[in-house]
Amino acid sequence: MFSEQRIRAVLFYLSVAVFFIFLPFILSSALGYKFDRRNLKFTRSGLIFLKTQPAGASVYLDGKLLNEKTPATINELLPGRYHIRLELEKHYPWTDEVVVEAGQAARLDKIILFLLRPNAKQLNKARFTSSWVDEEHQAAYYVNRDDNVLYKSDLNGEHYEKLANLIMLSPAPVKYKVSFNREKILYFNARQLAVVAINPDNRFDKDAPFILNYPDSTIVDAFWHSDGYHIIVVRENQIEVTEARPQAKAVVLARLNNKNSPAFYDNRSDTLYFLDTQQAADGNSYDNLYKIEMSPSTFPWQELMKRKNNEPKP
Amino acid sequence: MSWGIILGLVILAAWRPVLCAALIITFDFYWIIRTLYLTTLLVLAHQKLYRQKNRNWLADCRALSADKNWQDIYHLIIFPVYKEGLDILRPSLAAIRDTNYPKDKIIVVAAFEERHGPSREMAKVLEAEFNDYFFGYLTTMHPDGLSGETRTKGANATWAAKAARAFLDEKDISHEKVIISCFDADTCAQKEYFGCLTYHFLTTPNPHQASYQPIPVYNNNIWHAPSFARLVEISSSYCQMIESMRLEKFVTFSSHSMSFKTLVDIDYWPVDMISDDSVVYWKAFIFHNGNYRVVPLYITVSMDVAYSTNFLKTIAMQYKQKRRWAWGVENFPFVLSRFFNDNRIPLRVKVWRSFHLLESHVTWAVWTVIITLLAPLPVLLGGALFHQMPIGYNLPLITGLLLKFTVGASLVWILLSRTILPPRPKDVHWVKNIVMIIEWSLVPLIILILGSTPALDAQSRLMLAKYMEFYSTEKKRKVV
């Protein structure tokens with residue numbers, strides 16, 4: 001027992017000695033002080049913190065390769081300017097000059113290392129005239145150039161499906177918009193607006209495609225109402241709403257002074273925002289931003305249209 | 001004090017994050033050194049246990065000089081029982097029967113609690129089975145609600161010891177020749193245990209001024225216990241082995257032995273405190289003016305791993321058991337008040353022992369909290385300025401280093417754990433050997449749940465005067 005207790009005493013005092021000898025070095029290093037062996041004194045240092053996306057890049061400090069890979073903390077740097085180079089295989093290197101200040105950390109944590117050859121992936125399987133992405137439903141739409149058919153795939157270009165045969169418009173349509181219930185698509189050029197049911201299973205045969213013609217003014221934009229049945233058409237001289245059916249009568253929502261007024265439709269609240277010019281009392285014309293709330297609860301336009309058309313509500 | 005340290009660090013983390021981080025780094029470094037030191041002690045204790053594993057202690061007793069006649073020594077073994085069943089008690093008594101010490105020098109007391117319904121029935125069964133093997137076999141029924149008592153194991157053991165004293169006096173056996181062992185109901189003594197104990201009693205200077213502490217291992221059901229419970233109990237054995245190397249602060253724990261004369265002199269175990277196993281040491285320490293010590297016995301006594309029917313119940317059970325152990329913090333006010341009124345113990349000894357006692361309980365209550373919960377606080381609460389300073393980056397690095405170091409140390413613990421395991425029972429598949437290595441990956445989870453929280457809980461209860469009653473840990477043993 002005595003010998004064990006002696007070993008234990010040695011261990012104990014050794015542990016105490018190690019603690020008190022090394023603690024000042026550990027604390028000073030943690031606090032950003034570097035021990036200057038030549039002058040036998042502590043000098044205040046700084047550090048560089050590097051974080052890259054993706055991680056694992058080699059770090060060169062003033063041309064010297066360090067052991068650490070990103071994310072990396074380069075400690076005990078004397079104040080000054082340092083050249084940093086980050087290298088990761090198959091990625092563009094990243095270089096910069098970093099200024100280190102005493103007692104400060106230079107934080108470089110938003111570094112993106114870009115691929116030398118970005119792995120872009122082609123999603124479409126055939127040539128198309130138009131394509132757009134529906135983020136909400138994680139789908140990509142394509143209008144085939146050869147047969148004018150609307151296709152859909154997921155965002156990896158998989159699970160292709162044919163949605164609809166589109167009617168040809170001449171000149172070619174400038175925009176395509178799928179209704180919020182994903183049952184119909186509208187597309188338009190300057191004078192014509194076509195509506196086609198998306199019926200991959202031919203479930204909507206009764207909804208035959210049709211074209212609305214606007215011979216006397218240009219179509220600037222068109223939007224689906226959230227009900228998937230009404231269309232808001234922004235023309236060069238007015239904004240009107242119409243039902244998505246042949247020979248529907250439109251209701252004018254606003255007369256526009258400004259041709260080609262830009263408009264935006266918020267489908268979450270069924271609100272139309274548009275820009276128009278108005279003459280003020282001082283005689284000058286100013287651009288104004290307007291909004292029309294189109295939700296059934298705030299805008300009784302369905303009743304209005306029914307009264308005008310004298311037709312039953314759809 | 002523990003709450004003071006924790007709350008102080010939380011306030012510092014927001015108010016002076018750099019100072020808080022520096023304190024945490026200091027603690028982390030201290031913990032690394034401490035882990036290294038204690039792991040080395042554990043290795044030394046293991047070595048000693050291994051060396052004495054196959055020692056024939058009875059032969060060593062016989063080889064002692066004539067003035068140290070081992071045949072004069074009687075062993076009185078008390079088993080305080082509460083809710084433990086026959087499946088637990090029978091193997092413990094059988095283990096005493098199967099020791100190589102002459103049974104005509106052994107007196108066994110099965111100490112039951114009268115308030116527990118099946119006690120009398122069990123007492124009869126055991127008496128019928130074991131009465132004829134020993135010099136004396138006594139059954140005691142501790143009455144409930146005696147004046148000045150609380151429902152603790154110490155109260156039951158004291159009642160049994162008084163009955164044993166009457167028996168010894170009747171047989172005209174000197175108290176000086178009797179060594180008493182107070183064993184938990186599930187304690188199975190090794191074949192050589194009483195030989196080892198007798199040898200140490202006869203060779204220790206002033207043997208009445210010492211307690212004798214075996215190494216508790218939880219081998220009875222270790223192969224059948226779930227990983228979580230097994231690891232916790234192995235850690236408990238480790239703690240005890242480490243403590244056995246730190247003689248100046250070694251205190252009795254769980255099953256232990258001492259001179260019956262001393263026990264009578266100090267008026268037995270406390271009858272109103274939960275931590276009777278350690279308080280009895282302090283009573284003796286004060287009675288002998290500080291000239292009292294615990295002699296480690298490098299021989300194991302085997303107990304049960306406490307576990308229940310499912311994982312959550314096992315955690316709850318282990319938590320309660322550890323909280324009961326942590327309730328040992330009640331020793332501190334007990335010891336301090338006695339020290340204060342005592343002028344025979346040197347002041348240096350009083351200060352040193354009080355410090356040890358306080359330090360061990362405070363460290364127990366705060367270490368996990370500091371390492372896991374408080375370490376990230378300066379980074380979280382330190383604000384933008386702290387994030388621009390080198391210490392803001394170095395604090396997580398050093399904390400991470402501590403974790404890596406702990407993983408490294410746990411490799412040593414894994415190796416050592418293999419050496420104290422009993423042979424694999426036939427009904428246990430060999431794959432369990434691999435499971436018992438992989439399960440060490442649960443250590444962080446155990447540290448998080450059972451590291452500091454039971455101690456903090458116990459200390460909070462003591463602080464708020466919400467006193468605990470003795471909680472008898474449920475024991476399960478698979479019948480093979």
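In the predicted model, three salt bridges are counted between chain A and chain B. One of these pairs Arg51(B) with Glu4(A), whose closest N and O atoms lie 2.8 Å apart. Polar contacts also link the chains, with 11 residue pairs counted between chain A and chain B, both members of each pair being at pLDDT 80 or more.

On chain A, the side that touches chain B draws at least two residues from each of helix H1 (2-30), strand S3 (46-53), strand S6 (72-77) and strand S9 (105-112). The greatest share comes from H1(A), which supplies 15 residues to this side of chain A. Classified by residue type, the side of chain A that touches chain B comprises 15 nonpolar, 10 polar and three charged residues.

Taken as a whole, the contact involves 28 residues from chain A and 28 residues from chain B. The area buried between chain A and chain B amounts to about 2400 Å², and 69% of this area is on carbon and sulfur atoms.

Within chain B, His208(B) was examined individually. His208(B) lies in the loop that runs between helix H7 (193-203) and strand S6 (210-217) of chain B. Because its relative accessibility is 18%, His208(B) counts as buried, the cut-off for that class being under 20%. When neighbours within four places in sequence are set aside, His208(B) is in contact with Glu176(B), Phe201(B), Ser259(B), Lys261(B), Thr262(B), His288(B) and Tyr292(B).

Terms used:
Residues are numbered from 1 along each chain as its sequence is written. Chains are lettered from A and ligands numbered from 1 in the order in which they are written. This is a predicted model: local features need pLDDT of at least 70, side-chain atom pairs count only at pLDDT 80 or more; totals for chains, interfaces and linings use all residues. Side-chain values use heavy atoms; hydrogens and water are left out. Contact means heavy atoms within 4.5 Å. Buried area is the accessible area (1.4 Å probe) that two parts lose on being put together, summed over both. A salt bridge is a side-chain nitrogen of Lys or Arg within 4 Å of a carboxyl oxygen of Asp or Glu. A polar contact is a pair of N or O atoms within 3.5 Å; within protein, one must be able to donate a hydrogen and the other to accept it, and residues adjacent in sequence count only if both atoms are side-chain atoms. Helices (H or I, at least four residues) and strands (E, at least two) are DSSP runs, numbered from the N terminus. Ala, Val, Leu, Ile, Met, Phe, Trp, Tyr, Cys and Pro count as nonpolar, Asp, Glu, Lys and Arg as charged, and the others, Gly among them, as polar. Buried means under 20% relative accessible area, exposed over 50%, partly exposed in between (1.4 Å probe, protein chains only).
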